[in-house]
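Visitor: I would like to learn how to read helix packing in a model. Please take me through it.

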Amino acid sequence: MSKGNMLQDKVAVVTGAGRGIGRDIALMMAAQGAKVVVNDIGASVGGEGNDASHGQQVVNEIKAAGGQAVLSTDSVSTWPTANRIIECAADTFGRIDIVVNNAGILRDRLFFNMSPEEWSAVIDVHLNGSFFTSRAAAPHFKTQKSGAYVHMTSTSGLIGNLGQANYAAAKLGIVAMSRHIAGDMQRYNVRSNCISPFAWSRMIGAIPTDTPEQQARVEKLKKLGTEQIAPMATFLASDAAADITAQIFAVRGNEIFLMSQSRPIRGMHTAEGWTPETIAERVLPAMKQNFYPLESSNIVFSWDPV
């Protein structure tokens with residue numbers, strides 16, 4: 001990887017940086033001059049276990065390439081431990097400039113079978129974890145009047161998927177949180193944006209391959225590397241993106257999409273007010289053509305590579 005200086009002397013915290021997308025973001029940010037806190041507890045996709053070796057390997061790679069990095073094995077999912085992640089950056093490198101909220105787990109289950117524990121575990125890591133680390137960094141950003149948040153959302157939240165009500169709710173919640181962070185902290189020159197990554201990683205490695213069609217789909221997905229997400233994350237964290245905030249970008253292979261955000265698409269008014277009957281008679285027929293369809297297969301399949 002060629003070296004640059006887009007993040008020269010900035011300090012970045014990248015959560016879930018031991019493997020996959022987080023690892024590639026940490027490596028690229030370091031190659032662009034950032035001092036990196038590599039945060040990873042080394043858990044499985046489901047959130048079980050602890051193995052610091054993955055994060056330490058990333059730290060070693062950064063140092064071997066002449067960069068600066070330190071390992072953090074604290075969890076994002078509680079307020080005290082998330083604070084320690086940010087404190088690690090401030091104590092080691094003297095400041096914090098960038099927070100990349102990438103850590104995540106999966107507990108996939110169809111909604112009618114999903115347990116409260118499966119719901120809470122995913123919300124705790126994705127949504128609560130993104131809030132905790134972001135909130136912990138906020139006083140530093142306010143004091144220095146600068147900072148950048150990069151959050152990971154998902155097409156599961158933006159578009160939909162089967163068996164991921166917990167994950168999708170967390171990921172769409174992150175979008176709303178990001179937009180409000182952007183608004184609340186704009187006066188302090190702090191930006192907040194989301195990336196919806198589409199890449200082959202262990203997070204989506206459990207896709208069924210029971211049929212020839214599913215096998216062909218997975219082979220296409222395997223061509224989308226996690227390293228293709230890192231350039232967008234690095235750009236959004238840099239001063240080159242100083243005017244970009246409250247946006248959602250999707251990255252799929254070599255494609256970058258600016259995603260739409262919720263806005264009214266059609267409205268109707270009556271001076272007399274509405275009744276259930278008049279809504280059925282007038283509103284439903286007029287607006288039904290604008291409804292978003294619910295497909296029988298995974299809705300997110302429409303985002304598969306061609």
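Visitor: How are helix 1 and helix 2 oriented to each other?

Guide: Angles run from 0 to 180 degrees between N-to-C directions, and axes are lines fitted to C-alpha atoms, for helices over the stretch in contact. Under 35 degrees counts as roughly parallel, over 145 as roughly antiparallel, 65 to 115 as roughly perpendicular, and the rest as oblique. Here helix 1 (residues 20–31) and helix 2 (residues 53–64) pack at about 20°, their axes 10 Å apart, and are therefore roughly parallel. Helices are DSSP runs (H or I, at least four residues), numbered from the N terminus. This is a predicted model, in which local features need pLDDT of at least 70, side-chain atom pairs count only at pLDDT 80 or more, and totals for chains, interfaces and linings use all residues. Residues are numbered from 1 along each chain as its sequence is written, and side-chain values use heavy atoms, with hydrogens and water left out.

Visitor: Which residues make the contact of helix 1 and helix 2?

Guide: Contact means heavy atoms within 4.5 Å. Helix 1 supplies Arg 23, Ala 26, Leu 27 and Ala 30, and helix 2 supplies Val 58, Glu 61 and Ile 62. Five are nonpolar, none polar and two charged, where Ala, Val, Leu, Ile, Met, Phe, Trp, Tyr, Cys and Pro count as nonpolar, Asp, Glu, Lys and Arg as charged, and the others, Gly among them, as polar. As for the spacing, an α-helix has 3.6 residues a turn, so residues three or four places apart point the same way.

Visitor: At what angle do helix 3 and helix 4 pack?

Guide: Helix 3 (residues 79–93) packs on helix 4 at about 45°, with the axes 8 Å apart. That makes helix 3 oblique to helix 4. Their contact has eight nonpolar, three polar and one charged residues.

Visitor: How do helix 4 and helix 6 cross?

Guide: The axes of helix 4 (residues 116–144) and helix 6 (residues 165–185) come within 8 Å and cross at roughly 15°. Helix 4 is thus roughly parallel to helix 6. The residues of this contact divide into 15 nonpolar, five polar and three charged.

Visitor: Where does helix 4 bend?

Guide: A bend at a residue is the angle between axes fitted to the seven residues ending there and the seven starting there. Helix 4 bends by about 40° at Asp 124. Just after helix 4, Lys 145 takes a positive phi of about 55°.

Technical notes. Helix = DSSP H or I, 4+ residues; strand = E, 2+ residues; numbered from the N terminus.
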